[in-house]
Amino acid sequence: MMRKLIVVVGLLFCVMLWVSSCSTGRVEVGELSGEELLRGQDALAVEDEEAIVVGFCQVGSESDWRLANTASFRNTFTEENGYYLIFEDAQNKQENQIKAIRNFILQEVDYIILDPIVETGWDGVLEEAKEAGIPVIVSDRQVQVADTSLYTCWVGSDFLEEGRRAGEWLANYLEEQGRSGEEIQIVTLQGTLDSSAQLGRTEGFGQVLSEHDNWNMLERQTGDFTQAKGQEVMEEFLGKYEDIDVVVCENDNMAFGAVEAIQAAGRTCGQDGDIIVISFDATSAAFQAMLDGEINAAFECNPLLGPLVSDIIQRLERGEEVEKVQYVEETYFDTTMDLEEMLKNRTY
Ligand code: AHR
């Protein structure tokens, strides 16, 4: 382990020299920031031979959910908990994730944690990790690989179920409103295309949509899970379609962007408005938006995956078997609930 720490620190130093010699160095290595390099110096001082070295390849920082997910890993994979964490922010680019994994392999980390931006394109680099004997734990989004032994296990949300749950909620809501026989015009702000969260939510909601002949999906377009892009796409939808009844936003931040666009267009939304807003994630900010009457319902996606991944690593360290697929429990929230009380206990 000591050898590994020396290799890690040595490589970080080389990477630092290399980064400083290239104008686009930050992108080349993902976000191997000054903070990480300082962590390397901390590790030298601490010289914890027992630390488990973990390389975590994060998607980016596109949403409130993502920030909560990063915090969950950073707060779990601490020196006090016996870890040495190398954190890479891929800035929503798969090529950065592939480079980061190759760096982790060079650094001889003990474990790689991958939150893949998209599902495909991982076979080659995961083969390299397997050849190096480094277990890869996939978290949040999934990978589609020909050989599933290329990763140890996956832990995250059932995105398909989240999408179905949202569709069923809409059917019940319309029925309660006495609108189940009406033509319902729907638009969708999709997440990053080909990410598991987008694929599952689009497919799950789509399954319920296909059960309702009077629901019309006017258009689906990606807003890339960001508030700015969500707002931009919603502005475009509002310009094209006069009679939108429902906007399905595949994450909270795009919902916040959609609300901005709706209000700027002089339209209303949420509980007493004329456009129903459905969101996914259910972060505290979405609770506030529901309390403010802007969003109708939020379908939970649990970002607190750090402790679950740590538990998997501890079990692997003890030589125990781990389940290949682990779903986290999730629910939904809407404006009929005591959101004020629930918000008090919301940790993200
Ligand atoms: O993969 C999880 C999704 O990614 C979350 O719903 C979204 O907010 C994030 O960007």
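**Entry 1**

Working from a predicted model, I looked up the open sheet of six strands and found the order 7-6-8-9-10-12, with mixed pairing. Its edge strands are strand 7 (215–222) and strand 12 (332–334), each of which pairs on one side only. Direction ignored, neighbouring strands of this sheet are turned by 15 degrees against each other on average.

For Thr-188 I noted Val-248 as the bridge partner in strand 8.

Two helices were looked up against these strands. Helix 10 (residues 252–264) packs on the sheet and touches strand 6, strand 8 and strand 9 (276–281), its direction making about 155 degrees with that of strand 9. Helix 9 (residues 227–240) lies across strand 6, strand 7 and strand 8, and runs at about 140 degrees to strand 7.

**Entry 1: helix 4 against helix 12**

I looked up the packing of helix 4 (residues 64–76) on helix 12 (residues 306–317), and noted an angle of about 40 degrees with the axes 8 Å apart. That angle makes helix 4 oblique to helix 12. On the helix 4 side the contact is made by Ser-72, Phe-73 and Thr-76, and on the helix 12 side by Gly-306, Pro-307, Val-309 and Ser-310. Sorted by class, this contact of helix 4 with helix 12 has three nonpolar, four polar and no charged residues.

**Entry 2: helix 6**

Which residues of helix 6 (residues 123–131) are buried? I found Val-125, Leu-126 and Ala-129. They lie on the same side of helix 6, because they cover an arc of only 100 degrees around the axis. The cover over these buried residues includes helix 5 (94–106), strand 3 (111–114) and strand 4 (136–139). Just after helix 6, I noted that Gly-133 takes a positive phi of about 75 degrees.

I went on to the loop between strand 2 (83–89) and helix 5, where Gln-91 is found. Gln-91 is not a glycine, although it has a positive phi of about 50 degrees. With a relative accessible area of 28%, Gln-91 is partly exposed. Asn-92 is found in the loop between strand 2 and helix 5 as well, and has a positive phi of about 60 degrees without being a glycine. I noted a relative accessible area of 25% for Asn-92, which is partly exposed.

Key:
Residues are numbered from 1 along each chain as its sequence is written. This is a predicted model: local features need pLDDT of at least 70, side-chain atom pairs count only at pLDDT 80 or more; totals for chains, interfaces and linings use all residues. Side-chain values use heavy atoms; hydrogens and water are left out. Buried means under 20% relative accessible area, exposed over 50%, partly exposed in between (1.4 Å probe, protein chains only). Helices (H or I, at least four residues) and strands (E, at least two) are DSSP runs, numbered from the N terminus. The arc is that of the directions from the helix axis to the C-beta atoms. Contact means heavy atoms within 4.5 Å. Axes are lines fitted to C-alpha atoms, for helices over the stretch in contact, and angles run from 0 to 180 degrees between N-to-C directions. Angles under 35 degrees count as roughly parallel, over 145 as roughly antiparallel, 65 to 115 as roughly perpendicular and the rest as oblique. Ala, Val, Leu, Ile, Met, Phe, Trp, Tyr, Cys and Pro count as nonpolar, Asp, Glu, Lys and Arg as charged, and the others, Gly among them, as polar. Two strands pair if DSSP finds at least two bridges between them.
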